[in-house]
Amino acid sequence: MKIAVFSTPRTCSTFMCDVIANNFNVINHNEGVYTTFGSNKEGKIEWLKLNDDYVVKLFAKYFFDNLYIIQETFDWNMFDHVFITERTDLTEQMASIYNIWHDGNSGDYIDFTTDDTIDLYNRHKNYMQTFYDIKKHLLENHKSVHVVEYEKLQTDPITYLNDITGITFTTSTDTLTKTNINYKEKYTNYDQLNTIINNWNLLKT
């Protein structure tokens with residue numbers, strides 16, 4: 001069995017890979033497409049096709065400008081299931097990303113910089129639109145797609161997954177680190193970030 005978790009950062013995609021690996025008894029390769037599977041696009045795709053009994057994470061950025069995977073020719077139907085993890089609140093998601101980049105785990109919250117703002121426009125806006133484009137394609141064309149919303153996953157993950165997939169998940173939730181950070185309180189220019197993201201005008205699915 002081959003299973004993919006299609007995602008963008010900070011959406012509990014690592015947790016989903018872990019839950020899937022335990023529930024389906026497959027190998028968790030997580031971000032192996034980026035770290036391991038071949039040194040070129042062809043090698044990475046070949047690995048995914050030839051191997052079996054695994055779950056792997058596929059970030060939208062891998063497909064943007066065909067960075068690691070050629071979007072137009074990628075065969076999603078090689079996977080028995082595709083789980084799509086997403087956050088409905090993109091401002092919170094971007095705040096979480098920059099918190100990690102600026103070492104927010106240390107307890108310090110550094111306001112978004114000019115470089116961060118440029119990065120939001122030059123990269124993350126495009127990554128997110130790529131995500132929504134591929135999500136639309138999957139919902140219309142793949143035989144088994146499950147959309148997992150980060151916000152709903154936080155409360156009772158196993159019950160939520162059972163309800164939306166029809167699959168019986170029994171794995172412990174111990175590996176899910178629930179985040180209760182109020183980024184609006186932590187960052188003095190949070191509203192600026194929110195304005196930028198609201199002006200992205202993404203075509204969502």
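Predicted model: local features only at pLDDT ≥ 70, side-chain atom pairs only at ≥ 80, totals over all residues.
**Helices α5 and α9**

Helix α5 spans residues 114–141 and helix α9 spans residues 190–198; their axes come within 11 Å and cross at roughly 20 degrees. Angles under 35 degrees count as roughly parallel, so α5 is roughly parallel to α9. The crossing of the two helices is right-handed. On the α5 side the contact is made by T117, L120 and Y121, and on the α9 side by Q192, L193 and I196. Sorted by class, the contact of α5 with α9 has four nonpolar residues, two polar residues and no charged ones.

I134 is found in helix α5, whereas S144 lies in the loop between α5 and β5 (145–149).

Not counting residues up to four places away in sequence, I134 touches F6, F63, Q71 and W76. I134 and N99 are 35 residues apart in sequence, and their C-alpha atoms are 27 Å apart in space.

With neighbours within four places in sequence left aside, S144 is in contact with D80, H81 and V82. With one of these residues, H81, S144 forms a side-chain polar contact of 2.6 Å.

Conventions: Residues numbered from 1 in each chain as written. Heavy atoms only, no water. Axes fitted to C-alpha atoms, helices over the stretch in contact; angles between N-to-C directions. Helix = DSSP H or I, 4+ residues; strand = E, 2+ residues; numbered from the N terminus. Parallel < 35°, antiparallel > 145°, perpendicular 65-115°, else oblique. Left-handed = near helix turned anticlockwise from the far one by under 90°. Contact = heavy atoms within 4.5 Å. Nonpolar A, V, L, I, M, F, W, Y, C, P; charged D, E, K, R; others polar. Polar contact = N/O pair within 3.5 Å; in protein donor to acceptor, adjacent residues only side chain to side chain.
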